[in-house]
Amino acid sequence: MLSRSGVPTKKQIESVKPSKERLAKGAVAIVECFQEIPCDPCHTACNSGCILPFADINDLPQMDFDKCNGCGVCISACPGLAIFVVDESYSEEEALVMIPWEFTPVPEEGAVVRGLNREGEAVAPATVKKVRSSPQKNGAYIISLVVPKELAFEVRSIG
Amino acid sequence: MYRAEVLVIGSGPAGLMAALQAADRGAKVALVERDAHLGGQLLKQTHMFFGSKEHYAAERGFKIAENLDAAVKDHPGIEVFEDTTALGYYEDGVVPLERGKKILPAAYDALIMATGAQENTLLFPNCDLPGIYGAGAVQTLMNVHGVVPGNRVAMVGAGNIGVIVSYQLLQAGVAVPAIIEAMPDIGAYHVHASKVRRMGVPIYTSHTVVSAFGSEQLEKIVFAEIDEKMNPLPGSEQELDVDVLCLAVGLAPLTEILFQAGCQMAYVPELGGHVPLRSDTFETSVPGIFVAGDAGAIEEASAAMVEGKIAGMAAAAGLGYGKEQYEKDLANAREELAKLRNGPAGAITRRGLEKLPHPGEVSG
């Protein structure tokens, strides 16, 4: 349970997933935010209107997935580092997962690293496709990883 | 005798905002900070802040401190006293300011206490071994002085501070083999907990430190699962080799000077301990003395900033500054504060504030 272990449940993850059809269309932001806390910069950062306005700053983010172009600006705007971008259209067998990264060393593009799940366990090798510094220029990076498609909703870190 | 119209003690998020707000309205402000730099705990915060744009959300804490430091120092209405300690409160209301070896007695028309908080600690056998730190000390070592406290750190406390400092330790290349939390639930924002969890740090809720071991410095701890009455469950003990144990077991308002000034105080556990009674504009029971930030209730920096803003505008208005805009600005700021506390995360503060009488509602 998230409040006991820090790991969201399968049910919680399912609740923030877009439809299969939307996932198949390409990159889309996945907001893994499950607790009502006073925070709304994801909405302010989003340029495509995909993260809907907050009625109350404590609300959970609501998404209009059809408006999301997977740009990833929200990834480094989220103070909780809880937003990821998943692109299941990447290839037949693989998906692209974009994660926020605030550690050194920053991996090299092309490197093969250990893809970690939400419990920090290595679940598959992941290839670093792209590394870019965050649009906010705040010292963070966004790392794009190529992972087996069935692990697109498992890999959330590297080690 | 030094004279300011508004004297602000403490330059954390509450004090910085109070000084800026009062000075923007035309008051002559003095801002006193005992540390060498303005910013209070903001200086040590490398994570991005929550809240909204108005509270500098998604900015890193130390960046917020840098920006506000510049704003305060560029302000013609604010005189800044760094490396200066407000030693106490004399009977006639004068506040002695100690800078170097000199005392500068300060008089004022309004006083804003933004003194912040102190860390709670924990008692267990050998809790005085070298290597056992408060989380504030670990943050100061790492994020102000660039020194890591050790190689393997066990963290006690899964509130925001414990989890954030664990993450900062990982960023500094230090191993964190366990976060130990006595409560059954993680107190930190869950997103912070998930950040350290996916880096492989286990969080042991309903666990506590039983004992520390080491000949000259910390070498090992034993921790165990506890029942609802906080008693260790026999057989659940685990040993952990660590050279540092970091305690992040909560904060208590830093209120000595408020007691000394004769402000009516109340003990409200939800707010962190003894806190001053105050009006809707954060004026204490002593007219002209205001409180803002953690000194009045342990809360997030975003709330402290809004409280500072309110205390600053109210103090200035009491001296006749910015009267025309005051009612409107006050209503807006109060609404902003209510919004921040509106969700489940603000429930504990709301509960505490309901218990806290307004000045004048109690005798003595």
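In what order do the five strands of the open sheet in chain B stand? The order is S8-S15-S9-S10-S11, with parallel pairing. Before we walk on, note that this is a predicted model, where local features need pLDDT of at least 70 and side-chain atom pairs count only at pLDDT 80 or more, while totals for chains, interfaces and linings use all residues. Residues are numbered from 1 along each chain as its sequence is written, and chains are lettered from A and ligands numbered from 1 in the order in which they are written.

Let's begin with the sheet. Strands of a sheet pair through backbone hydrogen bonds, either parallel or antiparallel. Here, two strands pair if DSSP finds at least two bridges between them; helices (H or I, at least four residues) and strands (E, at least two) are DSSP runs, numbered from the N terminus. Strands S8 (132–134) and S11 (203–205) of chain B stand at the edges with a single partner strand each, so one side of each has no neighbour in the sheet. From one strand to the next, the twist averages 20°. Look at S11(B) again: three bridges join this strand to S10 (residues 175–181) of chain B, and the two run parallel. B:Ile180 stands opposite B:Tyr204 in S11(B).

Now for the helices on the sheet. Angles run from 0 to 180 degrees between N-to-C directions, and axes are lines fitted to C-alpha atoms, for helices over the stretch in contact. Helix H3 (residues 135–144) of chain B lies across S8 and S15 (244–247), running at about 90° to S8(B). Helix H4(B) lies across S9 (152–156), S10 and S15 of chain B, at about 175° to S10(B).

H4 (residues 160–171) of chain B also packs with helix H5 (residues 190–197) of chain B, at an angle of about 30° and with the axes 9 Å apart. That makes H4(B) roughly parallel to H5(B), since angles under 35 degrees count as roughly parallel, over 145 as roughly antiparallel, 65 to 115 as roughly perpendicular and the rest as oblique.

Finally, find helices H7 (residues 301–318) and H8 (residues 323–340) of chain B, which pack at an angle of about 160° with their axes 10 Å apart. H7(B) and H8(B) are therefore roughly antiparallel to each other.

Conventions
Contact = placed C-beta atoms within 7 Å.
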